[in-house]
Amino acid sequence: MLDPGYCQSLKSRIMFSSKNLKSLQVLLPWLRPQRSVATSRLNTHFLDLGDDRSVAYQTIPGQRKPTIVLIPGLHSYTNMNGQKASCLLRYCDMNDYSCVIYDHECSGQSRGDVKKVVFTSWVEDALEVTSRLTDGPLVLVGSSLGGWLSIITGLKIKERLHGLVLFSPALNYVWPYYHRHKALLPPDACRRLEEGDPHVHTHEYGDALLKEDFAADSRKYELDLNKKLNITCPVRIIHGLHDTEIHPEQSMKLVESLESDDVDLIYRKSSCHQLESPPDLELFLITLDRLLKDNPVR
């Protein structure tokens, strides 16, 4: 049985978690396989977007609703090969939910012209994936920049949005990230960036794209957290207090700006930006499972 503390809906309050969770095998006994899909050997498909653009994706069918879509972020750990993607696929397989994971254009296994890709391309990727590969209500899951993209996407598909699960959401992230890391590059690399050339930046969180027009284009999607965001579905946010990339206080500001009253903000005392330790991943599955059970599709 789950600890009762994790079985309650934490309506509009903050939970500070300082204790390690028990092992996944103990805490998630309901995840007993009902099917035998080999998630590690799923075929990768490509969604053709036209103009030599395509998005690589993997999907698991399911009879239960909502469909769950993982929106990737900027760094490679958030892609289809990441740990959260693997956990999500396994959870959906065992619980008979449809699931889609994918990689942005020009990242991971997806194709495209890196000289042409801009932030709008990634917004369009998310909208094309949700409109063409899914139907019915959706729960969007996003980590870091994927959290920002999940909100952008959710605002555009409000009638289908059933829930959001966000990890260290990196709102309005790309423009300051670009300038912060550009300043660390040698002069010749900075010059090439200013001339429009892309640069693959090797970061502690994995490879990431640095590109001036990509960063500039992101500014038109920046969110004003002093205004209400028209998100009315249940939202769950998990943020590590040791996050040095995105200040944890930003998630508090996001909570205050959401119109939804069903918002939980969970701070992990010892976790960093990636939230990929075993206890972090356990908490992810517990949080997602509780959201789905508390908010069944009618």
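## Pro66 and strand S4

Pro66 has its place in strand S4. The peptide bond that leads from Lys65 to Pro66 is cis, and its omega is near 10°. This is a predicted model, and every value below is computed from it.

Strand S4 covers residues 64-71, and the loop between S4 and helix H2 (83-95) contains Ser76. Is Ser76 buried, exposed or partly exposed? With a relative accessibility of 34%, Ser76 counts as partly exposed. Leaving out residues up to four places away in sequence, Ser76 touches Tyr205, Gly206 and Asp207. Ser76 and Tyr205 are 129 residues apart in sequence, yet their C-alpha atoms are 7.2 Å apart in space.

## The protein as a whole

The protein has 9 helices and 11 strands. Of its 298 residues, 57% count as buried. The protein exposes about 13300 Å², and carbon and sulfur atoms supply 49% of that area.

Contacts can also be sorted by how far apart the two residues are in sequence. Among the contacts with a separation of 6 or more, 77% are between residues 24 or more positions apart.

## Cys99 in strand S5

Cys99 lies in strand S5, which spans residues 97-102. Cys99 is buried, with a relative accessible area of 0%. Not counting residues up to four places away in sequence, Cys99 touches Gln58, Thr59, Ile60, Thr67, Ile68, Leu88, Leu89 and Cys92. The C-alpha atoms of Cys99 and Pro61 are separated by 6.6 Å, and these two residues are 38 apart along the chain.

Cys87 counts as buried at 19% relative accessibility, because the limit for buried is under 20%. Cys272 is partly exposed, at 36%. How many disulfides are there? A disulfide needs two cysteine sulfur atoms within 2.5 Å, and by this rule the count is 0.

## Backbone angles in two loops

Asp96 is found in the loop between H2 and S5. Asp96 is not a glycine, but its phi is positive, about 65°. At 22% relative accessibility, Asp96 counts as partly exposed.

Leu275 is another residue that has a positive phi without being a glycine, and here the angle is about 50°. Leu275 is found in the loop between S11 and helix H9 (278-294). Its relative accessibility is 1%, so Leu275 counts as buried.

Which residues of helix H6 (residues 187-194) are buried? They are Ala189, Cys190 and Leu193. These residues cover an arc of only 100° around the axis, so they are on the same side of H6. An α-helix has 3.6 residues a turn, so residues three or four places apart point the same way.

The face of H6 turned away from the buried side carries the exposed residues Pro187 and Glu194. H6 is followed by Gly196, which has a positive phi near 105°.

## Aromatic rings and charges

The structure holds 8 aromatic pairs. One of them is formed by Tyr91 and Tyr97: the ring centres are 6.2 Å apart and the planes are at 10°, so the pair is stacked. Tyr91 and Tyr97 are both buried. Elsewhere, ring pairs link Phe119, Trp122, Trp148, Phe214 and Tyr221 into a cluster.

Two charged side chains are also placed over rings. Lys84 lies over the face of Phe167, 5.1 Å from the ring centre. The charged end of Arg111 sits over the ring of Phe46, at 3.8 Å from its centre.

## The loop around Ser260

Ser260 is in the loop between helix H8 (249-257) and strand S11 (263-268). Its relative accessible area is 8%, so Ser260 is buried. Apart from its neighbours within four places in sequence, Ser260 is in contact with Ile231, Thr232, Cys233 and Pro234. From Ser260 to Thr232 the distance is 4.0 Å, C-alpha to C-alpha, with the two residues 28 apart in sequence.

Definitions and conventions: Residues numbered from 1 in each chain as written. Predicted model: local features only at pLDDT ≥ 70, side-chain atom pairs only at ≥ 80, totals over all residues. Heavy atoms only, no water. Buried < 20%, exposed > 50% of the residue type's maximum accessible area, 1.4 Å probe, protein only. Helix = DSSP H or I, 4+ residues; strand = E, 2+ residues; numbered from the N terminus. Arc of directions from axis to C-beta. Contact = heavy atoms within 4.5 Å. Areas by Shrake-Rupley, 256 points an atom, 1.4 Å probe, with all protein chains shown as cover. Phe/Tyr/Trp six-rings, centres within 6.5 Å; stacked < 30°, edge-to-face > 60°. Lys NZ or Arg CZ within 6 Å of the ring centre and 35° of its normal.
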